[in-house]
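Subject: Structure handover

Hello,

Please find the structure below, followed by notes on what was found in it.

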Amino acid sequence: MWSKTMIGYGNEDENFVLELTYNYGVDKYALGNDFLGILIRCQDLYQKVDGEQVAEDVKKVLSPDGYPFLIRNAETGPAGKVAGFSLSSTDIGRSVKFWSGILGLTVFKESDTEAVLGYHKDQAFVRFIKADSVDHATAYGRVAFSVPEEDLPGAQAAAEAAGHKILTPMITLKTEGKADVSVVIFSDPDGYEICFVGDTGFRDLSKVDPKGRDLLAEAMSNDKSCEWFAKKGKEKGSA
């Protein structure tokens, strides 16, 4: 059993957002070295947070589950407060070939040890940093992009033709009371999951719920999973 919520600094059409998933039977996740952090550009936040100073004008803070956030003392750019995120890569050239050649991102910067890509310079970027190995452990997530629905079959075909793994072939998912949405889920050379979501259905599903904050607070307040496990004489496990 699980619940999820979308959270960000603005609506999903114009901002990078996070999907937080809560699995009721899991108390903790093992972190790997795959996810290196989300970069937030915000002067006010930089002044408020008490984090580790990892570079000039950059502080590092960790979420309760240990995920790193890098707060830069800089004006918020066109992409919004979330400027981008960083991932480990065992082969920069191979990562660039997949994310650019198959997924269609533009390469903004590339060297033997680092690459920065994105769909537009005014949107959030993805940065790859060279690593000897990539360990996803159990805390891994996935990256999702909203793309024109007519592009989904071609992207899947291109990935398959190049020998890449398709985790979920194109499928249309039903959502009761809302629009159907088509998705394809890819696996990149280092095992990262990337979901292409058809833009038509996404526009309907991503509408901001004015009651969202209250619904989340209510769900968290009503979560009795710890009590349920205690009554059964059990403890929540680790994923």
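Ser187 counts as buried because its relative accessibility is 12%, where buried means under 20% relative accessible area, exposed over 50% and partly exposed in between (1.4 Å probe, protein chains only). This residue belongs to strand 14, residues 181-187. Helices (H or I, at least four residues) and strands (E, at least two) are DSSP runs, numbered from the N terminus. Apart from neighbours within four places in sequence, Ser187 is in contact with Phe98, His164, Lys165, Leu167 and Tyr192; contact means heavy atoms within 4.5 Å.

Before the rest, a word on the source. This is a predicted model, in which local features need pLDDT of at least 70, side-chain atom pairs count only at pLDDT 80 or more, and totals for chains, interfaces and linings use all residues. Residues are numbered from 1 along each chain as its sequence is written, and side-chain values use heavy atoms, with hydrogens and water left out.

Overall picture

The protein has six helices and 16 strands. Its radius of gyration is 19 Å, close to the 18 Å that the globule rule gives for 239 residues, so the protein is as compact as a globular protein of that length. That radius is taken over C-alpha atoms, and the rule is 2.2 Å times the number of residues to the power 0.38. Along the principal axes, the C-alpha atoms fill a box of roughly 55 × 45 × 35 Å.

Of the 239 residues, 32% are buried. Among contacts with a separation of 6 or more, 57% are between residues 24 or more positions apart. The protein exposes about 14,400 Å², and carbon and sulfur atoms supply 50% of that area. Accessible areas come from the Shrake-Rupley method with a 1.4 Å probe; for residues, only the protein chains shown count as cover.

As for charge, the mean positions of the 27 positive and 37 negative charges are 4 Å apart. Lys and Arg count as positive and Asp and Glu as negative, while His and the chain ends are not counted. Each charge is placed at NZ of Lys, CZ of Arg, CG of Asp or CD of Glu.

Cores

The largest nonpolar core has 33 residues, and the members that touch the most others are Trp99, Leu103, Leu117, Val126, Phe186, Ile194 and Phe196. Helix 2 (residues 92-102) supplies the largest share of this core, five residues. A second, separate core has six residues, including Val183, Ile185, Cys195 and Phe202. A nonpolar core here is a set of buried Ala, Val, Leu, Ile, Met, Phe, Trp, Tyr and Cys residues joined through side-chain atoms within 4.5 Å.

Phe196 touches Leu103, Tyr119, Phe145, Val147, Leu152, Ala155, Ser182, Val183, Val184 and Phe186. Val184, in strand 14, is buried at 0% relative accessibility. The contacts of Val184 include Leu152, Gln156, Ile166, Thr168, Ile194, Cys195 and Phe196. The C-alpha atoms of Val184 and Gly8 are 176 residues apart along the chain and separated by 23 Å.

Phe98, in helix 2, is buried at 1% relative accessibility. Phe98 is in contact with Leu103, His164, Phe186, Ser187, Asp188, Pro189 and Ile194. From Phe98 to Glu75 there are 23 residues in sequence and 32 Å in space, C-alpha to C-alpha.

Loops and other positions

Most residues other than glycine have a negative phi. Which value does phi of Asp57 take? Phi of Asp57 is near 65°, a positive value in a residue other than glycine. Asp57 is in the loop between strand 5 (52-55) and strand 6 (58-62), and is partly exposed at 31% relative accessibility. Ala137 also has a positive phi, near 50°. Ala137 is in the loop between strand 11 (125-130) and strand 12 (142-147), and at 27% relative accessibility counts as partly exposed.

Asn11 lies in the loop between strand 1 (2-8) and strand 2 (17-23) and is partly exposed, at 28%. Asn11 and Val208 are 197 residues apart along the chain, yet their C-alpha atoms are separated by 6.3 Å.

Ala157 is in helix 3 (residues 152-161) and is partly exposed at 42% relative accessibility. Ala157 and Trp99 are 58 residues apart in sequence and 15 Å apart in space, C-alpha to C-alpha.

Regards
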